[in-house]
Amino acid sequence: MKYIRTPQPKRNKSHIPFRLNLLFFIAFLLLAALVAQLAYLQILNGPRLAAEVDRTNKTTVTGNVPRGLIYDSKGRALVTNKANNAITYTKSVGTKSQQMYDIANQLARLIDKPAENLTKRDYIDYYLAQTKVSKRITKKLPKKIQDLPSADSDKLYKYQVAYVRQHMPTLTPIQKEAAGLYKIMNGATQLSTVYLKNQNVTAHEVAVVGERLTQMPGVNLGTDWERSYPNGESMTSIIGRVSNEKSGLPADELNAYLANGYARNDRVGTSYLEKAYENVLKGSKSQTQVEIGNNNQIVQSVSKFKGQQGANLNLTIDSEYQKKVEKALDDTFSSVRSAGAGSLSDGAYAVAMDPNTGRILAMAGQHQDTQTHKVEDDALGVINRAFVVGSAVKGATVLGALQDGVITVDHNTQADTPIYLPGTPVKKSVYPVGTFSSLDAASALEVSSNIYMMWLAMKEGHYAYSPNNYLKLDNNIFSKMRGYFNQFGLGIKTGIDLPGEIAGLEGSTHDSSGNLLVGSALDLAYGNYDNYTLIQMLQYISAIANNGYRMRPYLVNSISQTLSDGSKGPILSTTQPSVTSKIENTQAQIDLVKQGMWQVVHGTNGWTTATSLNSLNPGVAGKTGTAQGFTRESKGSALTETITESFVGFAPAKNPKIAIAVIIPNLKAETTTPYQLQIAKEMFSDFYKMNDIKEDKGYSIHQKSING
């Protein structure tokens, strides 16, 4: 049987190329991976990622608080804070220049804020803050500059600035004010608050700005503080100054302040008490926790700490007594100038202290510019100017000699014989040679014998002396005498709680050939060589008044807090009197010098130097000084001889409650009026009246009198 095969139809070949199938397959795999990834993100990590989208950053913003106040010893306010309305700006994270430009323009139409100290660059920065202007300027720059990558934006901006500098349009007065406001806002760091206007803000400005706060992000109404001086500014050279918001932190201490949490525009004390007690006066800044959303806008702010006003300083100075001392100084120095004696004088200075504690009772000074003759308040000259004070140091000279053993309490009489050295004028006292054949220590202080003091120095230096021959002294004579003086604080810093104190100035001990300056050593003995500050002189006389204790002077008696209602709060700390050292003299030796200082005021000899004070009751004790010097009337002119008048003393002599030091440098050489005693008398008399110190006419150190 014959089988017939039926032909099968031909299969058509696929028209889809293999490569296309491969692409479809790859696309399928990618789609599957994408679906898997979406499922992973949505199902497994959906909540976490949603939280990430809604995440906010938290940061703490600080705000300034009022500075601590300063009071005198009686609770009178010397320095307070004056509250001023202020318009502030807080810069958000990521704030654009265009936004600040718009706010500045709007605000310039609402407030009066004249542009101050703006440079051309400041106006250029303001002009370029407009996005459309910036883009237009860029198109005018060379193509290669236009194509700079975004990482070189600073470089592009420099080219834009250079172009605008040549093509800057004229700004209207309103635009210039806006430029000033823009500069302040642009200079703020993120989340920091700056003052756009903090002086003379009117009620109208507060109202119109307050109505539009929502239209100006970051702008707010606030309060600023500035220092006020209810008692006048007479003591500001002691109190010091505070920087303003413009000047901010001092450039030379910028890094130190920033490291301690200060902002660049913070106010800080720049001098004296304001600076010395900065950590006390500044207070604790307020703290606000700010939440910033993912769009860099502030979502929420919560006050965490409202801040604490700075603590207050309660000074040792009675401002009423201070005024009287200032008046005595002013009146007397005016008399000096009127009499023609003060044309070369640097001024006049006076300071008072409780010798038993170191509490400063008053500190005053006037400095005269000898070229212009302008007189300015200079109370700090008491601690930062040094003078040759003359015989006022002789109490230290005698006490040093007593320590050295060259004289004793019972044997201290010396011949009052002048000293003749070759090539040098005779070394003598003010009174004529031969006035006294001999003097004891107390009488030598009474009549201010230079001869007596020079013989003490020669004895301390184991002298080899014969008239008109070269004098030989131990090579350590300067260090020996200065060592005695240092015990009283003469020539070294006292440690007063004020910055800027100097140590004085020591004269040379040897000439250029290495020879000992023996004549200068003798001058040192009676106070006509080294330079001392007036605060050192005060510490020295106080150590004699209190029987040998060198007290550290201080101006801040206590530190107290201010309560939330503005009233005075509790005392936080009180300064305790501090003994720097004890002089190495016995009580009998100190009493001998005290007796001499009593005789300086109450002696009956014709050469007694301070009898104009003997009418004071209770009686005072002290020592005058007159030092010779030389100065120039003008730069390049010949040296002119002058004298410096000084006085140190304490009262009442029996039970001292006040010690004072006064100096008037560089009076005309022919001056004979004891101007320093006029000031001293008023200082003692006013102190007696203000502190109700009763009369006590009697005084005696020794049972037997010491005759001069």
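**Exercises on helix packing and nonpolar cores**

H4 passes H7 in a right-handed crossing, the near helix being turned clockwise from the far one by less than a right angle. The model is predicted, with local features needing pLDDT of at least 70, side-chain atom pairs counting only at pLDDT 80 or more, and totals for chains, interfaces and linings using all residues. Residues are numbered from 1 along each chain as its sequence is written, and side-chain values use heavy atoms, without hydrogens or water.

**Exercise 1.** Determine how the axes of H4 and H7 are oriented and which residues make the contact.

Step 1. The axes of H4 (residues 120-128) and H7 (residues 153-167) come within 10 Å and cross at roughly 110°; they are lines fitted to C-alpha atoms over the stretch in contact, with angles from 0 to 180 degrees between N-to-C directions.

Step 2. The two helices are therefore roughly perpendicular, a class that spans 65 to 115 degrees.

Step 3. H4 contributes Lys120, Arg121, Ile124, Asp125, Tyr127 and Leu128 to the contact, and H7 contributes Tyr157, Gln160, Val161, Val164 and Arg165 (contact: heavy atoms within 4.5 Å).

**Exercise 2.** Describe the largest nonpolar core.

Step 1. A nonpolar core joins buried Ala, Val, Leu, Ile, Met, Phe, Trp, Tyr and Cys residues through side-chain atoms within 4.5 Å, where buried means under 20% relative accessible area (1.4 Å probe, protein chains only).

Step 2. The largest such core has 131 residues, and Ile360, Met363, Met537 and Tyr540 have the most contacts inside it.

Step 3. Helix H21 (residues 534-545) supplies the largest share, nine residues.

Definitions and conventions: Helix = DSSP H or I, 4+ residues; strand = E, 2+ residues; numbered from the N terminus. Parallel < 35°, antiparallel > 145°, perpendicular 65-115°, else oblique. Buried < 20%, exposed > 50% of the residue type's maximum accessible area, 1.4 Å probe, protein only.
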